[in-house]
Amino acid sequence: MTRICFILLSVLGLAFASGATWAQAWPTRPIRAIVAFSAGGIVDVMARVVFDQLSIQLRQPVVVENRAGAGTTIAAAFVAKSDPDGYTILVNSSAQTISPLLQPNLTFDPARDFSAVIPFGSSPNVLVVSPSRGFKTVGDLVAAARAKPGSFNFASAGVGSGVHMSAERFVASAGIVAVHVPFKGSPEAITELIAGRVDFYFSPVGLVAEYIREGKLLALAVNSPKRAVILPEVPTLAEAGIADAEYPLWYGSFVPARTPRHIVETLHRETLKALRTPNVEDKFATLGLEPMVMPPAEFDAHVKAEIRANAALINAAGIK
């Protein structure tokens with residue numbers, strides 16, 4: 001009897017050890033990274049830089065796939081319905097907390113169907129105008145807009161985009177009225193701004209830094225808590241006298257909810273290591289990206305809080 005018990009305990013012990021080893025054995029095959037934006041854009045570029053390094057660290061290929069469209073919800077829906085095994089990752093921006101609020105009949109819940117892994121970084125948006133408009137400061141712009149309510153307009157890269165929400169936050173905080181003019185993307189918006197056909201635009205700093213240096217655009221303020229590293233001479237909106245107007249964009253990765261926690265933690269740890277390599281840091285600096293260090297639980301809470309805040313802003317602004 002004692003011998004039988006000993007054999008049974010030995011078998012159970014081996015089974016437990018095998019199970020523990022299996023649980024830790026990730027990854028054992030290629031990983032798919034689903035980018036919610038088209039190839040060549042800032043999110044696609046940063047994803048490829050990060051995942052090239054991550055592939056080396058994990059010793060498994062990370063294959064980047066672009067699934068743009070429907071305000072990033074096509075990519076998000078795909079990942080939300082994928083197996084929660086750590087082999088399908090979503091790369092998105094602040095749009096993760098905006099677009100789902102504007103899209104009817106979604107098949108996923110942005111707050112419940114994802115586990116946040118890590119923010120790649122944040123990008124302050126800079127308030128830019130054409131020099132031909134004659135505004136030298138945020139105060140000049142606000143005074144002119146208040147003098148002629150409803151006569152001003154602002155560009156965006158599409159309804160519900162991060163730059164759209166940045167402008168709506170500014171408009172509400174500054175107490176002005178301005179008409180929204182959405183474009184297909186940032187290049188079109190910037191072209192119209194330089195031509196003087198729209199009055200102002202909030203752009204990720206990396207996209208317009210060269211235009212600012214060349215004098216084609218004038219930077220009035222950034223909408224981050226502190227000045228942008230890439231534009232240290234440009235004040236924040238708070239410094240310019242506009243309170244409660246902060247709305248920097250962020251970029252990060254997510255996995256389906258119910259992904260085992262040890263996989264989420266491993267992916268977070270390895271991605272953080274990749275973000276801190278000189279090659280990735282240098283490339284992110286050229287894109288105007290700044291560090292945004294958060295563990296998974298804090299990033300999750302940040303995303304959920306931003307969804308609530310955006311819902312309130314969308315309702316107040318009447319965005320459809």
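Two strands pair if DSSP finds at least two bridges between them. Helices (H or I, at least four residues) and strands (E, at least two) are DSSP runs, numbered from the N terminus. The model is predicted, so local features need pLDDT of at least 70 and side-chain atom pairs count only at pLDDT 80 or more, while totals for chains, interfaces and linings use all residues. Residues are numbered from 1 along each chain as its sequence is written, and side-chain values use heavy atoms, with hydrogens and water left out.

Q: How do you know that strand 1 and strand 3 pair, and in which sense?
A: Four bridges join strand 1 (residues 31-35) to strand 3 (residues 88-93), and the sense is parallel. The requirement is at least two bridges, so the two strands count as paired. Within this pairing, Arg 32 stands opposite Thr 88 of strand 3.

Q: What makes strand 2 and strand 4 the edges of their sheet?
A: The open sheet has five strands in the order 2-1-3-10-4, and its pairing is mixed. Strand 2 (62-66) and strand 4 each have a single partner strand, so one side of each is left without a neighbour in the sheet. From one strand to the next, the twist averages 25°, where axes are lines fitted to C-alpha atoms (for helices over the stretch in contact) and angles run from 0 to 180 degrees between N-to-C directions.

Q: Why is the pair of Phe 154 and Phe 200 called stacked?
A: Rings of Phe, Tyr and Trp (its six-membered ring) pair if their centres lie within 6.5 Å; planes under 30 degrees apart count as stacked, over 60 as edge-to-face and the rest as tilted. By this rule there are 12 aromatic pairs. The centres of Phe 154 and Phe 200 are 5.6 Å apart and their planes make 25°, so the pair is stacked. Phe 154 lies in strand 6 and Phe 200 in strand 8, so the pair ties together parts 46 residues apart in sequence.

Q: Why is the pair of Phe 51 and Phe 120 called edge-to-face?
A: The ring centres are 6.2 Å apart and the planes stand at 75°, so the pair of Phe 51 and Phe 120 is edge-to-face. Phe 51 belongs to helix 2 (residues 42-58) and Phe 120 to strand 4 (residues 114-123), so parts 69 residues apart in sequence are tied together.

Q: Are Phe 154 and Phe 200 buried or exposed?
A: Buried means under 20% relative accessible area, exposed over 50%, and partly exposed in between (1.4 Å probe, protein chains only). Phe 154 is at 1% relative accessibility, so it counts as buried. Phe 200 has a relative accessible area of 0% and is therefore buried. Strand 8 is mostly covered, with five of its five residues buried. Phe 200, Phe 202 and Pro 204 point one way from this strand, and Tyr 201 and Ser 203 the other way.

Q: What makes Arg 67 count as a charge over the ring of Phe 78?
A: A charge sits over a ring if NZ of Lys or CZ of Arg is within 6 Å of the ring centre and within 35 degrees of the ring normal. Arg 67 lies over the face of Phe 78, at 3.9 Å from the ring centre. The charged end of Arg 133 likewise sits over the ring of Phe 152, 5.6 Å from its centre.
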